[in-house]
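Here is a friendly walk through the side-chain contacts of a protein model. Have the sequence and the structure open as you read.

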Amino acid sequence: MSSVLKLSENPSFELAIELLDSNGNGILPVIDKDGKFAGIITDGDIRKAILYKNLNLESIINKEPYTLDPSSSEQQKVQFLKSIKRRQLPLVDHERNYVGMFTLDELDFSTRDNWVVIMAGGLGSRLGELTKELPKPMLQVRGKPILERIIENFVEQGFTKFYLAVNYKKEIIKDYFQDGKKFGIQVRYLEESKRLGTAGALALIEEQHGEPMLISNGDVLADINYAELVDFHERSSSMATMCVKEYEHIVPYGVIETEGDKITGLKEKPRILFNINSGVYCIDPKVINRVPQDTFYDMPTLFSELMNEDLPVTAYSYNQYWIDIGRPDDFKKANDFNEIQ
């Protein structure tokens, strides 16, 4: 645990500097006289205090810093740090007890053996002029191509092996990612000679794989715990798992229930909840043998055929953000979305 400054010990300004230096991360947690978290002092706070000749420790404490809930998942902690562009924050529980520091630099990012297939060959025709010169996955969202953002989300969770299924303006994608080395990943290309849908390109995979494979549409930005998805898929002994997202529709009118001409119920602007396909999947590699060669074939068809044979297919539900960039207003929404950094 990092060093802390305890106000109950009437510490000196010099001691604060020593403890801050010993932590080596630019943050010194402060504990009040009741043993509760009181805030932090940073290198910048010390520099300003010296500049303005204000050496009163209590007056330079940042009493309302960002903190992390110790009970939140590692992915939630990482995502929050990314959203506020910090590398470490104090862990403080709901009773204001200081638990420790969470630091990105200390994470063990173990790599996974699973291959990821990203379907990046679509035309993006609904985006009109936006995709006249660029394939849809290369449109920039907050300064980076959509495809790069999708890949980054996987890499942050230890996935480094990628198949990119390409067709429309494929050379732009290939020139950008090449073999993946500059991104610290391995990239192989599945080159479609014609549009093959959201599953057809799987038939182009020549290698045999033993681990479950992740599939993602190339126009979906989502906050999904992919490692947890794979673990769920394996625990379920599933042939194919679909990520589903809860979608709410509010009927803007009062709904009347009737039997013949008799009113049996009234519901004012009811909420209807659906589970929708988020365009992200995990499959047993044996499923690839079912995909027809050189034929347009989509993932819902694959799931339907597996269900018709009474083979196990499962739904993995998640509640974080999901943006399907299919239309210009979706593209604008993604660029305006603050959770994407």
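## Aromatic contacts

Let's start with a cluster of rings: Phe154, Phe159, Phe162 and Tyr226 come together as one aromatic cluster. Rings of Phe, Tyr and Trp (its six-membered ring) pair if their centres lie within 6.5 Å; planes under 30 degrees apart are called stacked, those over 60 edge-to-face, and the rest tilted. This is a predicted model, in which local features need pLDDT of at least 70 and side-chain atom pairs count only at pLDDT 80 or more, while totals for chains, interfaces and linings use all residues. Residues are numbered from 1 along each chain as its sequence is written, and side-chain values use heavy atoms, with hydrogens and water left out.

The count of aromatic pairs comes to 10. One of them is a tilted pair of Trp115 and Tyr163, with 4.7 Å from centre to centre and 35 degrees between the planes. This pair links distant parts of the chain, 48 residues apart: Trp115 belongs to strand S6 (residues 112-119) and Tyr163 to strand S9 (residues 159-166). Helices (H or I, at least four residues) and strands (E, at least two) are DSSP runs, numbered from the N terminus. Both Trp115 and Tyr163 are buried; buried means under 20% relative accessible area, exposed over 50%, and partly exposed in between (1.4 Å probe, protein chains only).

Tyr176 and Phe177 make an edge-to-face pair, 4.9 Å centre to centre with 70 degrees between the planes. Phe177 is buried, at 1% relative accessible area, whereas Tyr176 is partly exposed at 28%.

## Charges over rings

## Salt bridges

Side chains of opposite charge can pair when their charged atoms come close. A salt bridge here is a side-chain nitrogen of Lys or Arg within 4 Å of a carboxyl oxygen of Asp or Glu, and the count comes to 15.

Which parts of the chain does the bridge between Lys136 and Asp219 link? Lys136 lies in the loop between S6 and strand S7 (140-141), and Asp219 in the loop between strand S11 (213-217) and strand S12 (220-222), 83 residues apart. Their N to O distance is 2.7 Å. Lys136 is buried at 10% relative accessible area, and Asp219 is buried at 12%.

Glu248 and Arg271 also form a salt bridge, at 2.5 Å from N to O. Glu248 sits in strand S13 (residues 240-250) and Arg271 in strand S16 (residues 271-283), 23 residues apart. Glu248 is partly exposed at 36%, while Arg271 is exposed at 54%.

In helix H10 (residues 328-336), Lys332 and Asp336 are 4 residues apart, about one helical turn. Their side chains meet in a salt bridge of 2.6 Å, N to O. Lys332 is exposed at 54%, and Asp336 is partly exposed at 46%.

## Domains

The domain assignment (domain bounds come from an automatic or database assignment) gives domain 1 (5-108) and domain 2 (111-336). Their centres, taken over C-alpha atoms, are 40 Å apart.
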